[in-house]
Amino acid sequence: AGVLDPSGVVKGWAVDRAVATPSDVTLLVDGHPQVTFVAPSSRPDVAAALPGVGPAHGFSRVDSGIPRGLHLACVIAHNAGDGGGSSRLGCVGLAVY
């Protein structure tokens, strides 16, 4: 799950149950990749809810490079295991002044 708050902070968690390593996450702005990063932050709540995956699946990142104006921002988690594909974690309208 992921959210982008009005100050440009992207935060949440992403798990690919096919691998134990943290997932790659991409912030899309208006359909274009803005930044891709790894989600390795500790999230004990995720580890408790999904036994066996461990806690290293959280993320919190500030992106100040979004241009002024109205945008659609989406967070995508990339599949690292077999099967391919990515999952959209969520999208929000974003106004940057």
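**Figure 1. The largest nonpolar core of the predicted model.** Of its 15 residues, Val 10, Val 25, Leu 27, Phe 37, Phe 59, Ile 66 and Val 75 touch the most other members. At least two residues of this core come from each of β3 (24–29), β4 (32–38), β7 (69–78) and β8 (86–96). A nonpolar core is a set of buried Ala, Val, Leu, Ile, Met, Phe, Trp, Tyr and Cys residues joined through side-chain atoms within 4.5 Å; buried means under 20% relative accessible area (1.4 Å probe, protein chains only). Strands (E, at least two residues) and helices (H or I, at least four) are DSSP runs numbered from the N terminus. This is a predicted model, in which local features need pLDDT of at least 70 and side-chain atom pairs pLDDT 80 or more, while totals for chains, interfaces and linings use all residues. Residues are numbered from 1 along each chain as its sequence is written, and side-chain values use heavy atoms, without hydrogens and water.

**Figure 2. Order of the secondary structure elements.** The protein has 1 helix and 8 strands, in the pattern β-β-β-β-β-α-β-β-β along the sequence. Of its 97 residues, 35% count as buried.

**Figure 3. Lining of the largest pocket.** Lining residues, which have an atom within 4 Å of a pocket grid point, number 14, and Ala 14, Val 15, Asp 16, Ala 77 and Ser 87 lie nearest the centre. A pocket is an open set of points on a 1 Å grid over the protein atoms alone where a 1.4 Å probe fits, with protein on both sides within 12 Å along at least five of seven lines. β7 and β8 each supply at least two lining residues; the largest share, 3 residues, is from β8.

Key. Buried < 20%, exposed > 50% of the residue type's maximum accessible area, 1.4 Å probe, protein only.
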